[in-house]
Amino acid sequence: MPKYVIEREIPGVGKSTAEQLKEIAKASNEVLSKMGPQIQWVNSYVTDNKIYCIYNAPNEEMVLEHAKQGGFPANSISKISALIDPITAE
């Protein structure tokens, strides 16, 4: 299944409390449960003003639909073409 990185611009999100982040995750999970197993949230990275999310989904449209239903921004969506890490150099 294709993998995507989603950039979500959310000013000040890096100052969110654990409880606020829990609510964001809960909202995402609720939408995902309605959409079915075709779309999967892998993980997210929170920075000062953005969240970068990794999702498995059959297409970009499904990622956009998740954002729409959850009320989340999806400022950019990029299909991941390869994964590299230190082992790649060996």
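Predicted model: local features only at pLDDT ≥ 70, side-chain atom pairs only at ≥ 80, totals over all residues.
Residues are numbered from 1 along each chain as its sequence is written, and side-chain values use heavy atoms, without hydrogens and water. Local features need pLDDT of at least 70 and side-chain atom pairs pLDDT 80 or more, while totals for chains, interfaces and linings use all residues.

Helix α1 spans residues 18-35; helices are DSSP runs of H or I with at least four residues, strands are runs of E with at least two, and both are numbered from the N terminus. From first to last C-alpha, the 18 residues of α1 reach 26 Å, close to the expected 26 Å, which is 1.5 Å times one less than the number of residues. S28, V31, L32 and M35 of α1 are buried (under 20% relative accessible area; exposed is over 50% and partly exposed in between, with a 1.4 Å probe and protein chains only). Seen down the axis, these buried residues fall within an arc of 105 degrees, so they line one face of α1; the arc is taken from the directions from the helix axis to the C-beta atoms. They pack against β2, β3 and α2 (60-70), where contact means heavy atoms within 4.5 Å. A18, K22, S33 and K34 are exposed on the other side of α1. Just after α1, G36 has a positive phi of about 95 degrees.

The structure holds 1 aromatic pair. W41 and Y55 are stacked, at 6.4 Å centre to centre and 10 degrees between the planes. Rings of Phe, Tyr and Trp (its six-membered ring) pair if their centres lie within 6.5 Å; planes under 30 degrees apart count as stacked, over 60 as edge-to-face and the rest as tilted. W41 lies in β2 and Y55 in β3, so the pair ties together parts 14 residues apart in sequence.
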